[in-house]
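Let's take a walk through this one together. Have a look at the fold below, and then we'll pick it apart piece by piece.

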Amino acid sequence: MASLPVPHTLPRVSPAIVGAARGRAAVRVRTATAALGGGCGGGGGMEQRHGDAPHSPGKSTLACALSRELHCRGHLTYVLDGDNLRHGLNRDLSFKAEDRAENIRRVGEVAKLFADAGVICIASLISPYRRDRDACRALLPHSNFIEVFIDLPLKICEARDPKGLYKLARTGKIKGFTGIDDPYEPPINGEIVIKMKDGECPSPKAMAKQVLCYLEENGYLQA
């Protein structure tokens, strides 16, 4: 699910949850997060909000579900959504590799500010390169960076592509599209991996619960 800074205890620095997704359906809780994001894909060439088909919730859906669950438990959260950031903070950046790196760097710095303030920051973005995610992790030491990898097949991501971006990429009309003609480097040691079960994608609530369980078990939600 993307960069999610989660407060361990308030005045302590909050951890950042970043989700990296393997297809467009990802919760990027890694800065990201995915951010939070099978096959070989890792999101699309653009960070944007997709229609949330019941069988394949997207990274933004998961980020919002997690934020709601945390809010209900009395925790302050903020979602950094890649699509929205592209309209404001990062509107000067393209989707070239160097601009993707700068996009993630900026989001990591913003997530760190939220974490320092004790806010759980959920970053829902596409972050295809490990080096960029690792650079964000370095900004948030002491286990305050949590990476969530939504490991879904590429075909699932293509099936929930209402704007037809995968089709355009397949025909060569869009270049540098993650998972098609641009690589996606999955996390090696991400804290949380969300997978399909019995051929079905888990619901947003189930995915959020998996992340919440991790946070609870590791003491991030203690008062």
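Is Cys-72 buried or exposed? Keep in mind that this is a predicted model. Cys-72 has a relative accessibility of 67%, so it counts as exposed, the cut-off being over 50%. As for disulfides, searching the whole structure turns up zero.

Now step back to the overall layout. The protein has seven helices and five strands, and, starting at the N terminus, they come in the order β-α-β-α-α-β-α-β-α-α-β-α. Out of 223 residues, 57% count as buried. The accessible surface is about 9,400 Å², with 55% of that belonging to carbon and sulfur atoms.

Which residues of helix 7 are buried? They are Met-207, Ala-208, Val-211, Leu-212, Tyr-214 and Leu-215. These residues take up an arc of only 155° around the axis, so they sit on the same side of helix 7. The spacing makes sense, because an α-helix has 3.6 residues a turn and residues three or four places apart point the same way.

Turn to the face of helix 7 that looks away from the buried side, and you'll find Lys-205, Lys-209 and Glu-217, which are exposed. After helix 7 comes Gly-219, with a positive phi near 75°.

Technical notes: Residues are numbered from 1 along each chain as its sequence is written. This is a predicted model: local features need pLDDT of at least 70, side-chain atom pairs count only at pLDDT 80 or more; totals for chains, interfaces and linings use all residues. Side-chain values use heavy atoms; hydrogens and water are left out. A disulfide is a pair of cysteine sulfur atoms within 2.5 Å. Buried means under 20% relative accessible area, exposed over 50%, partly exposed in between (1.4 Å probe, protein chains only). Helices (H or I, at least four residues) and strands (E, at least two) are DSSP runs, numbered from the N terminus. The arc is that of the directions from the helix axis to the C-beta atoms. Accessible areas come from the Shrake-Rupley method with a 1.4 Å probe; for residues, only the protein chains shown count as cover.
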